[in-house]
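Colleague: I'm new to this one, can you walk me through it? Show me the thing first, then I'll ask.

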Amino acid sequence: MKRKLALVMAMLMVLGTLPACSSNSGGSPSEKGGSAVSGGAAGTEAGAVIETGDKINSTYTNNTPDANLSVTAVEDTLTIALASEPPSLDIFQLSDSAATLVSKVHCEGLLRRNDATMEYEGVLAKSWENVDDTTIRFHLRDDVYFHNGEKMTAEDVLYMYQRGNELPLQSSFYNMYDLEKCKIIDDYTLDIVTFEPFPPMEDFMSDPADCVLSKKAIESSTPEALVRDLNGAGTGPYKFVEWIAGDRIVFERNENYWGEKPEFKNLVFRIITDSTARTLAFEAGDVDICMQPLTTSVDSLRQNPNCDIWTCDTFTTANIVFNCTVAPLDNKQVRQALAYALDLDTIVDTVYSGTGRKHDSFFTPQNEGYHPADPEKDKALLEYNPEKAKELLAEAGYPDGFTIKLWTNENQNRIDLAEILQNNWGAIGVKVDVSIMEFATLMAEYSKGIHEVVICAFAPTGKDGQFYYPYMHSTGPFRRNYAGIRNPEIDKLMENAQSSLDKEERAADYAKVIDILREEVYMIPLHNSENIFGVRSTLTNFEPNPVSLPRLAIVKSK
């Protein structure tokens with residue numbers, strides 16, 4: 001069955017008119033090509049879309065700016081419009097995509113993933129090799145200083161793993177390390193040891209959360225203070241200056257940076273949570289880079305000579321997540337009914353304006369083990385059938401429906417989606433009370449496990465299936481496992497995949513997990529997004545990224 005959401009579509013159309021042993025060597029992150037593209041000043045025909053051909057598909061325009069357009073909106077300053085305010089500068093304590101993006105300009109880790117080649121490169125590590133199945137030896141750079149003037153040593157690196165294992169937010173990402181066996185060989189050499197073989201080690205160590213911070217700076221401050229000021233603990237190309245709540249976060253160039261220094265002296269993150277206002281600020285030239293411009297404005301922005309638009313595939317999925325620990329959502333028939341009640345094809349087309357793609361899994365196509373949903377086994381996620389939905393509700397003991405609370409944040413796509421869910425679920429007798437919150441508030445609330453339904457996106461910072469571990473293993477806190485999944489079979493499969501060195505075996509385990517997630521309908525997968533970035537057409541060397549974390553410090557003028 002298909003039924004067009006004519007009324008809702010019309011409303012959204014109106015909204016849419018608003019403007020085995022291996023050795024590796026590393027180097028300065030700016031010495032490696034990445035997927036950054038240098039465009040000439042001459043540019044190309046306005047709006048012409050160019051494909052990069054990288055392993056992560058991306059496109060860009062290379063428009064020719066107006067002759068009198070300044071390089072940046074503010075002289076010698078790169079200004080980036082954020083879609084949300086970060087909850088913290090210390091991403092070991094509190095983190096989201098905005099906090100992680102900000103951290104990348106003032107903090108660094110041992111490795112990074114080149115998103116063009118999907119290979120791993122050294123950053124603070126010069127080289128590394130596998131000593132055995134559970135040990136990697138890292139050789140560190142000896143010319144790195146923290147912003148507080150202290151020199152980085154192996155002690156600071158080991159401290160990162162110790163601190164990560166202790167803090168609730170990150171412990172699920174650090175509990176594979178055998179800290180008693182990890183050892184410092186000398187000031188610039190150390191062994192990192194895991195309890196069992198851990199195949200995705202390099203991918204995890206490329207996570208932006210794996211940032212090396214000054215042990216002295218962290219220990220001389222307090223957790224509360226570190227949320228707003230890292231006390232000079234980073235090594236990155238920019239240094240923190242100030243944070244004006246609700247307005248901006250300001251950084252200045254690190255003149256003692258070990259690598260290539262940024263072109264622009266200052267870097268400012270402006271916090272513009274309203275999607276329309278953020279897009280208009282970019283179009284007007286008030287900001288230089290726009291995160292998440294309105295999807296409905298992409299075509300017109302491509303035709304603007306002063307704007308370039310970059311897109312790339314992502315690891316991000318948008319989902320409707322049920323808290324399966326609370327009634328009536330602890331009943332699978334209820335969850336199936338809510339899924340059957342949604343015309344997902346129309347919803348995705350309406351809400352996401354043709355960007356990205358409709359998706360059928362919490363995992364993305366880049367993940368090992370991914371396979372398309374089965375039209376017979378996974379009908380609840382594929383078929384629009386409100387009559388079947390009503391039938392399942394009656395069988396579950398809710399013939400007259402019930403009321404549920406739906407939470408999401410200020411993202412316009414999610415607000416639009418919430419309105420559609422109210423209509424679709426209302427048609428089967430389920431009343432939906434919607435609450436729109438600031439993102440930091442939303443995270444704090446669902447971390448308590450008191451939510452019922454949440455619209456949110458999962459954006460792992462790596463492509464390995466183990467990034468999903470805390471989101472579905474029963475030990476994962478609600479801050480990660482927001483569906484409250486408590487499934488022994490999933491636990492066993494994820495634990496086995498975590499330590500197996502057999503690639504095919506790991507893929508088979510992940511495939512089974514995907515099947516269970518679909519069968520149980522812990523969540524309704526909606527959409528595998530396409531990252532969209534607006535970049536001032538006077539700028540080049542921009543590097544799109546599948547998890548919305550471009551390396552802003554390498555951006556240059558054309």
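Predicted model: local features only at pLDDT ≥ 70, side-chain atom pairs only at ≥ 80, totals over all residues.

Modeller: Residues are numbered from 1 along each chain as its sequence is written, and side-chain values use heavy atoms, with hydrogens and water left out.

Colleague: Okay, which domains does the protein chain have?

Modeller: The assignment gives domain 1 (53-82 + 236-305 + 536-557), domain 2 (89-231) and domain 3 (313-528). Those bounds come from an automatic or database domain assignment.

Colleague: What separates the centres of domain 2 and domain 3?

Modeller: 31 Å, taken over C-alpha atoms. As for touching, 19 residues of domain 2 are in contact with 18 residues of domain 3; contact means heavy atoms within 4.5 Å.

Colleague: Let's do helices. At what angle do α11 and α14 cross?

Modeller: Roughly 150°, with the axes of α11 (residues 344-352) and α14 (residues 412-426) coming within 9 Å. That makes α11 roughly antiparallel to α14. The cut-offs: under 35 degrees is roughly parallel, over 145 roughly antiparallel, 65 to 115 roughly perpendicular, and the rest oblique. Axes are lines fitted to C-alpha atoms, for helices over the stretch in contact, with angles running from 0 to 180 degrees between N-to-C directions. Helices here are DSSP runs (H or I, at least four residues), strands are E runs of at least two, and both are numbered from the N terminus.

Colleague: Is that crossing of α11 and α14 left-handed or right-handed?

Modeller: The crossing of α11 and α14 is right-handed. Right-handed means the near helix is turned clockwise from the far one by less than a right angle, and left-handed means anticlockwise.

Colleague: Which residues make the contact?

Modeller: From α11 you get Ile347, Thr350, Val351 and Tyr352, and from α14 Asn413, Leu417, Ile420 and Asn424. By class, the contact of α11 with α14 has five nonpolar, three polar and no charged residues. Nonpolar covers Ala, Val, Leu, Ile, Met, Phe, Trp, Tyr, Cys and Pro, charged covers Asp, Glu, Lys and Arg, and the others, Gly among them, are polar.

Colleague: How many residues of α11 are buried?

Modeller: Seven of the nine, so α11 is largely enclosed by the rest of the structure. They are Leu344, Thr346, Ile347, Val348, Thr350, Val351 and Tyr352. Buried means under 20% relative accessible area, exposed over 50%, partly exposed in between (1.4 Å probe, protein chains only). Over in α14, Asn424 is buried too, with a relative accessible area of 2%.

Colleague: What comes after α11?

Modeller: Ser353 follows α11, and its phi is positive, near 50°. Thr355 then sits in the loop between α11 and β16 (357-358). At 13% relative accessibility, Thr355 counts as buried.

Colleague: And which residues is Thr355 in contact with?

Modeller: Thr295, His527, Glu530 and Ile532, leaving aside neighbours within four places in sequence. Thr355 and Asn528 are 173 residues apart in sequence, but their C-alpha atoms are 9.2 Å apart in space.

Colleague: At what angle do α10 and α13 pack?

Modeller: About 165°, with the axes of α10 and α13 (residues 386-395) 8 Å apart. So α10 is roughly antiparallel to α13, and α10 passes α13 in a left-handed crossing.

Colleague: Last topic, backbone. Which peptide bond is cis?

Modeller: The one from Ala327 to Pro328, with omega near 0°. Pro328 is in the loop between β15 (307-322) and α10 (332-340).

Colleague: What is the phi of Asp76?

Modeller: It's positive, about 55°, although Asp76 is not a glycine. Asp76 is in the loop between β3 (58-60) and β4 (77-82), and at 32% relative accessibility Asp76 counts as partly exposed.
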